Amino acid sequence: MLKIQEEAGEVAEAIHGAMGSNPRKGASHTWADVETELCDVILTSTVSLAILSPDPEKIFERHLQRVADRSLN
C-alpha cells in the first residue's frame, strides 16, 4: 500500500518538472511523463485492491456506482 504514495509523489515530481517550477531543474519532465506516472498510480492501486480484496471487481464496481450516483445528484 505504501507504493501508492510513492507513485503519487512521482506524479507530483513529474508535474513540477513539466511546469518547470523548480528553478534548479527547469523543465525536467514532459506531460507524457505525467501521464505515465498517473498510469503507474492506477496500476499500483489496482494491484493493491486485488491483493487486499477477495472480490476486487465487485468492490470497485460498487464504489464506482456510489461516485456516479453522487455526481449525478
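Q: Why is Ile15 called partly exposed?
A: Buried means under 20% relative accessible area, exposed means over 50%, and partly exposed is in between (1.4 Å probe, protein chains only). Ile15 has a relative accessible area of 31%, so Ile15 is partly exposed.

Q: What kind of model is this, and which pLDDT do local features need?
A: This is a predicted model: local features need pLDDT of at least 70, side-chain atom pairs count only at pLDDT 80 or more, and totals for chains, interfaces and linings use all residues. Residues are numbered from 1 along each chain as its sequence is written, and side-chain values use heavy atoms, leaving out hydrogens and water.

Q: What makes Glu7 buried or exposed?
A: The relative accessible area of Glu7 is 7%. That is under 20%, so Glu7 is buried.

Q: Why is Thr44 called buried?
A: Thr44 has 14% relative accessibility, which is under 20%, so Thr44 counts as buried. Thr44 lies in helix α2. Leaving aside residues up to four places away in sequence, Thr44 touches Lys3, Ile4 and Glu7. Contact here means heavy atoms within 4.5 Å.

Q: How do you know that the side chains of Lys3 and Glu6 meet in a salt bridge?
A: A salt bridge is a side-chain nitrogen of Lys or Arg within 4 Å of a carboxyl oxygen of Asp or Glu. For Lys3 and Glu6 the N to O distance is 3.1 Å, so the pair meets the rule.

Q: What about the side chains of Lys3 and Glu7?
A: They also form a salt bridge, at 3.3 Å from N to O. Lys3, Glu6 and Glu7 are thus linked in a network of salt bridges.

Q: Why are Lys3 and Glu7 separated by about one helical turn?
A: Because they are four residues apart in helix α1. An α-helix has 3.6 residues a turn, so residues three or four places apart point the same way.

Q: What is the span of helix α1, and what is expected?
A: Helix α1 covers residues 2-19 and has 18 residues. A helix is a DSSP run (H or I, at least four residues), numbered from the N terminus. The expected span is 1.5 Å times one less than the number of residues. Helix α1 reaches 26 Å from its first C-alpha to its last, close to the 26 Å expected.

Definitions and conventions: Helix = DSSP H or I, 4+ residues; strand = E, 2+ residues; numbered from the N terminus.
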